[in-house]
Amino acid sequence: MSAVVVEDLTMRYRGHTALDGVSLTLEQNTIHGLLGRNGAGKTTLMRVLTGQEFETSGRVEVFGQPPRENAAVLDRVCFIRESQKYPANFKVRDAFAAAAIACPNWDQGYADRLVGEFDLPTKRQVKKLSRGQLSAVGIVIGLAARAPLTMFDEPYLGLDAVARQVFYDRLLEDFVAHPRTVVLSTHLIDEVADLIEHVVLIDHGKVLIDADADDLRGRAVSVSGPSAAVAAYADGTPVLHRSELGGRLRVALPRRPEGRAEGVSVDSLSLQELIVFTTNQGDPA
Amino acid sequence: MNQTMKALRIQMLKPGTTFAVPWYSIGIAIAICTALFALISGQVPYHSRSTGALSAFYLSGLGVQPWLITQLFPFSTALSITRRAFVRATALLVAAETVIAGLGLALLNKIEIGTHGWFVHMRLLDLPHIHQNNYFTQALVYGIPMMALTSVTAFVAAIFRIFGQLGLWLFFVALAAVSAAVAALLVLTHTIGHVGHYFGSQPMLADFALYPLALVVLFGTGWAVLMLRSRV
C-alpha cells in the first residue's frame, strides 16, 4: 500500500488556485523531496495531506484512508511546519511533553539526545528562542515522533550549516534504523540531493516532475562544447536551458540524446539545476 | 489513549493557565478585601460590607478560551489532533472548570459564613441577591454563569480565529445593531417594563442558572460548529 495517493486534487481559496489537478503517489518507507518555488503549492499539499486544509475537489488518501478528521490516519502522521507556532507560555520541554502525548511512537531517549546535539535550552520559553532554535524544536519533534508519515516543511530556517548537517545525518540514520515515509519540502536542493529518493516538483499548483531521484540524476545531462557541435548533438531533444558565450554553447537536456557525442562534453546535470531549469521552463521533463 | 484524552492532556500541560488563574484572583481578592475591611472596620456598618470582588473570579477566567483557541488549537492540530477531539476535550475541560468553580466557590461561601465574613463581617461570596440555602444550588448559581461566560468568550475567540479582526468587528457591529433594534422595539411597543418585570419575578435559580445555561447551548453550539470548520 502506498503512503499517499492523490488524484486530481484541486484546492482553491478566495479565487486563488493553490493546487490544480495534482495527482501523485508517495510510496512507503521512502524519503520524498517536495520541491518548488515559494507559493508553488507545496505547503498547501502537505496541509491537505494532514487534514489541516480541506480539498476543493479530488481524492486524497493517506495509508488508504481520507485524512480529514480521521484519527486512525492522523495518529500515524507528523507534520512539522516552517512557521509552526507554539503557545506563547510554553517552554521547550512543554512542547516536547505535548508531542510525547500526541505521538504514539515518541522516543523520549532519542529526543533527549537530539536536544543535546542541537543544544536546546529546554527550560526556556519557546517565544524566547532564536529562529534556528525554533527550527531545531520542530526537527526534534519530527524525528523523535517516528511517525510512519513524517513531513518537514522547510524545517531548517535559521539553522546554521553545521546544525543542518546534523539534521540530515540524524534523519538518514534514523530512517535506516526505523524506515518510514518522509516528505521533505526544501529549497536547499543541493544539500538534500543525496538524501531524497523520489522527487516531486510543483509549480503554480501543478506537478512538473514526479520521478525517482536516481532516474532524474542519470537522465538529465549538460552538454557543452562548440556551438555547432552541441546544437547538432542536441537536435531533436527538448532544451531546458541554454547559454552561449564566444562560440561555445552549453545546454541542459532532460535526457541524453541518442546520437554519438562527438566533440562535445556530456556531464550529469545536478538535481538543483534540473529543478531550476524545469521550473523556469514550466514544462514537465 | 484516544484523541480526545490526548487533546485534554495537552490542554492540561499548563494548569496554571487553564485552571488556576481565577483561583489566584479570588484568593488575592479575599486577601485584599479582608485587609481593607480590617483597616476600616470601625467606619463601615455591617450591612454595608458587601463587595463586588467576586467578579474578579469570572473576569480573570476570560483569557483561557482565547489562549486555547488561538494558540493551543493550531499547535494541537499540528500534532495531528483532530478538530473533533480538540472540541470534545475543550468541552470536557469547560465542564470540569464549571463543576470545580461551582463547588469551590460554594465551599468558600460556607467558609465566609462560618468565619463571619472572613472575621471582618465582609460579604464577598455570600451576596444577598445570589444566596441559596442548599449547597448544590449555590454551586449551580456560581458555576453556570462561569460556563456561560466561557462559552461566549470561546465563540468570540473562534470568530477571531476564523474570520480575523474584520470578522470580530462585524460580529460586534451586528450584535450592537440587533441589541439596539430589540431595545427600540421594546420601547416603541411599551413592553420593556413587562420584560423587566418578567425577569425580575423569576426564581433566582432561573436567572443565574437556567438562562445562562441557554447561553451556553447557543454560544457553545456556535463555537463547536466554527471550530469543526476551521482551517488551521
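Leaving aside its neighbours within four places in sequence, which residues is A:Ala95 in contact with?

Guide: Before we start, this is a predicted model, in which local features need pLDDT of at least 70 and side-chain atom pairs count only at pLDDT 80 or more, while totals for chains, interfaces and linings use all residues. Residues are numbered from 1 along each chain as its sequence is written, and chains are lettered from A and ligands numbered from 1 in the order in which they are written.

Now to your residue. Apart from neighbours within four places in sequence, A:Ala95 is in contact with A:Tyr86, A:Phe90, A:Val126, A:Val137 and A:Ile141. Here, contact means that the C-beta atoms of two residues, placed from the backbone, lie within 7 Å.

Two of those partners come up again in the largest nonpolar core, where A:Ala95, A:Ala99, A:Val137, A:Val140 and A:Ile141 have the most contacts. A nonpolar core is a set of buried Ala, Val, Leu, Ile, Met, Phe, Trp, Tyr and Cys residues joined through C-beta atoms within 7 Å. Buried means that 20 or more other C-beta atoms, placed from the backbone, lie within 10 Å of a residue's own; exposed means 12 or fewer, and partly exposed is in between. The core has 143 residues, and helix H7 (residues 135-188) of chain B supplies the largest share of it, 15 residues. Helices (H or I, at least four residues) and strands (E, at least two) are DSSP runs, numbered from the N terminus. As a general pattern, nonpolar side chains in soluble globular proteins tend to be buried together.

Next, see where the two chains touch. In this model, 24 residues of chain A are in contact with 22 residues of chain B. On the chain A side, helix H2 (71-74), strand S5 (77-80) and helix H3 (92-102) each give two or more residues, and H3(A) gives the most, with 6 residues. By class, this side has 14 nonpolar, 4 polar and 6 charged residues; Ala, Val, Leu, Ile, Met, Phe, Trp, Tyr, Cys and Pro count as nonpolar, Asp, Glu, Lys and Arg as charged, and the others, Gly among them, as polar.

Stepping back, chain A contains 10 helices and 13 strands. Buried residues make up 44% of its 285 residues. Its C-alpha trace spans about 65 × 40 × 35 Å along the principal axes. In chain A, 68% of the contacts with a separation of 6 or more join residues 24 or more positions apart.

A:Asn29 sits between strand S2 (16-26) and strand S3 (31-35) and has a positive phi of about 55 degrees, although it is not a glycine. A:Asn29 counts as partly exposed because it has 13 C-beta neighbours inside 10 Å.

Chain B is built from 9 helices and 0 strands. Its C-alpha trace spans about 60 × 50 × 30 Å along the principal axes, and 37% of its 232 residues are buried. For its contacts with a separation of 6 or more, 83% join residues 24 or more positions apart.

B:Phe86 lies in helix H5 of chain B and is buried, with 26 other C-beta atoms within 10 Å. The C-alpha atoms of B:Phe86 and B:Leu8 are separated by 7.5 Å, although the two residues are 78 residues apart along the chain. The other stop, B:Val216, lies in helix H9 (residues 204-228) of chain B and is buried, with 20 other C-beta atoms within 10 Å. Leaving aside neighbours within four places in sequence, B:Val216 is in contact with B:Met147, B:Ala148 and B:Ser151.
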